[in-house]
Amino acid sequence: MIFGFSQNNKNTDLPSVDIKTLTGETFNTSDIKNPDGPIFLSFWATWCKPCIKELIAVDENYADWQEETGLKVYAVSIDDAKSMSRVAPFVNGRAWEFEILLDPNSDFKRAMNVINVPHSFILDKNGKIIWQHNSYSPGDEDEIYKILKKAASENNSDNQ
Amino acid sequence: MNKLSFILVLIFTSFKLFSQEEKKDYGEFHGNFELNAQTYAPDSVIDAETVDDIMRANTYANFTYTKGKFSAGIRYEAYLNTMLGFDQRYNGQGIANRYASYTSENLEITVGNFYEQFGNGLIFRTYEDKTLGIDNSLDGIRLRYAPIKGIRLTGLIGKQKLYWEYGPGIVRGFDGEISLNETFKKFTKAKTIVIIGGSFVSKYQKNLDPIYNYPENVGAFSGRLSVSRNSLILSSEYAYKINDPSSDNGNIFKTGNALLINTSWSKKGIGFLINILRLDNMSFRSDRSATINDLNINYLPAITKTHAYAFAAMYPFATQPNGQIGANFEIFYNFKRKSILGGKYGMNLNINYSQVNSIQKTEIIINPNNEIPNLQGYTSDFFSVGKELYFRDFNIELHKKISKQLKAAAIYMYEDYNKLVIQGKYGMVHADIGILDFTYKFTSKQALRVENEILITKKDTDGKKQDHGDWYMLTLEYTSSPHWFFAVSDQYNYGNPEESRRVHYYIISGGFTKGAQRIQLNYGKQREGITCVGGVCRNVPASNGFSLSVSSTF
């Protein structure tokens, strides 16, 4: 549940936390944006089986969903210094085309009040969190798709 | 500042902010809640510890408030009583964490409890991990300042949390980082990305020892460099610590050092990874007599692979701060769709090898008759590898989608595990592990997962199976998306050298998830073992009974 009121200084529900890109550069989480459609934001780790299953399911549908809703996927890895360097070859080895971010000391995870991974959020075009879900079961992608479609159609009606 | 006055300040500050605002902007409240409870039934066969209070629960709840540039939060924790396997000094309830923070364009001020990491954490990391029962947050002040684009400075001072109290030492630290590409215009479009950083951390603890002159201020330095170009990422960090006699190193007056090198090369469909880590006398705590997971100032990451399957994780490596040298190699490969091995849907391959040994040590002998205790410890040749094997892991993982309904994973793993060094009991364990995991999706929402695992240990020279011998596990898990799951699992220790211990550890579980709300109930027997995150481990005692977990994010 989100108790958000007039957001004057930022147009996203996401907190502003400095995390890292795969090459070690600083990235502020309030820059997680997608003017073309909804955002699927997933907290995951290379050692988390259900997380990887969820991202595989999203990957299998990514091209279709992108075409239909303008979706952009951000996968935030909470791998710490132990396995952080594993993220780039892991993601490329699977040929995923998501935006990958690193949260090695769980600062963003904590700011989002995430307890366990996988934990995913869907944000609409205006940066509002409209859905979140903890854990993954095969078939959850159907619900994700439903929410994405809804978010995309609401966005379109905003524009008219 | 005591808890009450802190909360009052918090309320007052928010009130003031409200009244200044013309539009009614009340900011945002968020939080989460987690409860884990367990009942403990007597079970002498599996050595389950019995407790008088029958049921125990660990509970946490975070509340955060954000409004514009201001944020604050508190965490309530209750351990009534502390679940077995966690440090019993947690017993009790109250506000375990509170902070307030203000961020302007290039300055961030935080007071209260905070978590921070410099570089890879080799000389400084405060973090929390509820599964390990770790929370070494600093309670103090942190300033972050970005004077120009690409430069970040962090300074902090505080005392470390030790369960419901504080450690005796004061920790002070400074970190600076520069991203050349962001700072210098001529590098903005360069293909090579270079980031340089350095930290200094010092702890102060009064010396009360009547005989030895232990250093009261102990400093540690580290420098790091990260260079990446196209598909290549190279990052390294070197850390050095002045002499720091502690109960970890046997109170020797010796300096410590650490070197970490991570290299990866990857492009679409293929990836390589090499990690190298050498540690020598790098335990660093804000109390020189602290033990187990208490009051660590730094974090020494194990570079071995973290395994997710139960038996692959049965013998996990834990970092050896007093000295270790090791390397980790990994290959990731994606067999394309419609290739010979890839088949219709493609296939993923992952090969991993890691090995960790002791470091070479030559004891310093001051006088051969040992009249004076050896306070210098040893010397160590940086480039030679010690003879004692601590850990070796070779594993191959295959993941394949066979049809629209069926997905499979297969793993083979060979492991050498020096249990005596890592856990302080038994000796060397050699284990072969095999895993087959099938997921069959029989409708668009319903799936059945069948997981088979086997672990076989070698026979020792006396003909007895090593450690607890052989294991077989079968798990059946039914999921109905997006809400329900039910599972039954049995770990059968059929090859235990002691016949009376050939026990079935069965667990029945069910859970319901709705959005970010989750509830799960288990019943059964938990085997004794260790659970590790990032090379830091905690013992999980054997138990028999019900366990309940409830979690919610709001």
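Select the residues where chains A and B meet: in this predicted model, chain A contributes 49 residues to the contact and chain B contributes 70 residues.

Next, go to chain A and select residues 49–69, which form helix α1. Centre the view on A:Tyr62, where the helix bends by about 60°. Then show side chains along α1(A). Which residues of this helix are buried? They are A:Cys51, A:Ile52, A:Lys53, A:Glu54, A:Leu55, A:Val58, A:Trp65 and A:Thr69. Step past the end of the helix to A:Gly70, which follows α1(A) and has a positive phi, near 75°.

The last stop is in chain B. Select residues 138–145, strand β10, and pick out B:Ile141 within the strand. Is B:Ile141 buried or partly exposed? B:Ile141 counts as partly exposed because 14 other C-beta atoms lie within 10 Å, whereas a buried residue needs 20 or more. Leaving aside residues up to four places away in sequence, B:Ile141 touches B:Val111, B:Leu156, B:Ile157 and B:Gly158. To finish, draw a C-alpha to C-alpha distance from B:Ile141 to B:Asp462: the two are 59 Å apart in space and 321 residues apart in sequence.

Technical notes:
Residues are numbered from 1 along each chain as its sequence is written. Chains are lettered from A and ligands numbered from 1 in the order in which they are written. This is a predicted model: local features need pLDDT of at least 70, side-chain atom pairs count only at pLDDT 80 or more; totals for chains, interfaces and linings use all residues. The bend at a residue is the angle between axes fitted to the seven residues ending there and the seven starting there. Helices (H or I, at least four residues) and strands (E, at least two) are DSSP runs, numbered from the N terminus. A residue is buried if 20 or more other C-beta atoms lie within 10 Å of its own, exposed if 12 or fewer, and partly exposed in between; C-beta atoms are placed from the backbone. Two residues are in contact if their C-beta atoms, placed from the backbone, lie within 7 Å.
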